[in-house]
2 protein chains.
Amino acid sequence: MISSKKMIHATPKQIRLLIRRGKWDKPTAGVAMGYAQANLAILPERYAFDFLLFCQRNPKPCPLIEVLEPGKFQTDFLAPGADIRTDIPKYNVYLKGKLEKTVKEINSLWRNDFVTFLLGCSFSFEEALLRAKIPVRHIEENKNVPMYVTNIACRPAGTMHGPMVVSMRPLPPDKIVRATQITSRYAAVHGSPVHIGDPSKIGIKNLGRPDFGDPVTIYKGEVPVFWACGVTPQAVVMEAKPDLCVTHLPGHMFVSDILNEELATL
Amino acid sequence: MISSKKMIHATPKQIRLLIRRGKWDKPTAGVAMGYAQANLAILPERYAFDFLLFCQRNPKPCPLIEVLEPGKFQTDFLAPGADIRTDIPKYNVYLKGKLEKTVKEINSLWRNDFVTFLLGCSFSFEEALLRAKIPVRHIEENKNVPMYVTNIACRPAGTMHGPMVVSMRPLPPDKIVRATQITSRYAAVHGSPVHIGDPSKIGIKNLGRPDFGDPVTIYKGEVPVFWACGVTPQAVVMEAKPDLCVTHLPGHMFVSDILNEELATL
């Protein structure tokens, strides 16, 4: 396997081809810097309206960047010609809300009634944080970002309901305002933080034991800052229990051809 | 009928009750200043996914603020307990893309498979413009805002496709940058302009003959500034020709309990 550091300057297409050929199955944090990465959720058509409505009602955890019509597996907007069945490092397959298996491609699972949702990912604003000299701990430590299921309820929609999942980055207090300003520009990739400080206020008991991803070092005096996370759909799937749902494995994202700056709103 | 000027400081609820009782059937521009107004589109459930996807792909003309589950006619987010069947001054009923009639309530038309979409309206950012001493001509002239069908194609979604409709406000050149900055804050109500200047570049032949609303005075040296408009769904309905669609009559909006400032993104 190639190291993540070598792939900082790779093009999204190079990375997607490595993934398609089975040569990259690691987290995508820090690769192809500058380009937006996306979370994946695939559902049968009968759940698609409810899920689309859920995203509309919960834009911070579920900022839709592209939705494909039923049966369509090639993206238009995020990367013309990319194949959603093969171009993501690892997929989680859920049956009735339970993780059934993790696989490297979903060609054999594909159905004509599958609707694909691609959602903005917080990795995308990390580049902007780094450019402003704001530390991003899990990149420093070459880990997957720590993610936590909170007690913040998403607004339900039809059959879809569940808690918000957040990602966490520890920051020195003098960097928090600037980090809030910077990420506010990127509403399409989760935008501003949802919580700053005491993890227990949002139902997180132990920062050292994330529900997804890896724990990171929090230095003395640093404050945990929480952003809504695109893994939220997986928590929703676990609660709403649709017959079938395919997602990415957390941290293992779809790398798009769209620059983060193209998604910035101001 | 009550004059619009008297209703500037009315509450949204007072206005909705006047409308419900048939005592207000005029445009809502300038009433209950400070509160968000919304465009309406109601479609049978079988069109709902396509239309929701159309809005996701065209957020400037179709910024969704609230979508109700099939059969639901009371709003939650925009105004708890408001009745979508009676609380809008006038409704347009389209059959297969043709305007069939304009009515003052839709109780008798209502069906359990109707899905209601409420979209942000440019009236909402006019308050912010006025507060910054930027003139809003159609309010000055007590008219409905002029709206035009352009040659800008929306991104299609399933069965839904059509041109973007824009609203126009003439501005002195030294107010254009500020007006762009101010409206950029309000992505949920169309946001920044889509075009500044020459109307022919976006397929508008005669500013004096708007497709919807009223023409307004353009003083010497003023520049027409165009914002995406929530009447776009009506243009889409005319092209996509769903069996049935109910919208508001342009300019005659749903007046919500949500402050414009609550919708501002920055």
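Which residue takes a positive phi just after α3(A)?

A: That's A:K133, with a phi of about 60°. Before going on: this is a predicted model, local features need pLDDT of at least 70, side-chain atom pairs need 80 or more, and totals for chains, interfaces and linings use all residues. Residues count from 1 along each chain as its sequence is written, chains are lettered from A and ligands numbered from 1 in the order written, and side-chain values use heavy atoms, without hydrogens or water.

Now the helix itself. Helices here are DSSP runs (H or I, at least four residues) and strands are E runs of at least two, numbered from the N terminus. Buried means under 20% relative accessible area, exposed means over 50%, and partly exposed is in between (1.4 Å probe, protein chains only). The buried set is A:F123, A:S124, A:F125, A:E126, A:E127, A:A128 and A:L129. Those residues pack against β1 (35-44), α4 (137-140), β7 (163-171), α5 (176-184), β9 (223-228) and α7 (260-263) of chain A.

Elsewhere in chain A, A:T247 sits in strand β10 (residues 244-248), and at 0% relative accessibility A:T247 is buried. Its side chain makes a 2.9 Å polar contact with that of A:Q234. A polar contact is an N or O pair within 3.5 Å; within protein, one atom must be able to donate a hydrogen and the other to accept it, and sequence neighbours count only if both are side-chain atoms. Setting aside neighbours within four places in sequence, A:T247 is also in contact (heavy atoms within 4.5 Å) with residues including A:L40, A:K90 and A:Y91.

On to charges. The whole structure has 32 salt bridges over all chains, each a Lys or Arg side-chain nitrogen within 4 Å of an Asp or Glu carboxyl oxygen. A:R20 and A:D87 form one, at 2.8 Å from N to O. A:R20 lies in helix α1 (residues 12-20) and A:D87 in the loop between β2 (64-67) and β3 (91-95) of chain A, 67 residues apart. A:R20 is partly exposed at 42%, while A:D87 is buried at 0%. The closest N and O atoms of A:R57 and B:E69 are 3.0 Å apart, and both residues are buried.

What about the interface as a whole? Chain B and chain A each put 21 residues into the contact, and 2 salt bridges span the interface. There are also 8 residue pairs in polar contact, both at pLDDT 80 or more. On the chain B side, α2 (48-57) and β2 (64-67) each supply at least two residues, and α2(B) gives the largest share, 6 residues.

Last, cysteines: a search of the whole structure turns up 0 disulfides, meaning no sulfur pairs within 2.5 Å. For A:C62, the closest cysteine sulfur, in A:C55, is 4.5 Å away, too far for a bond.
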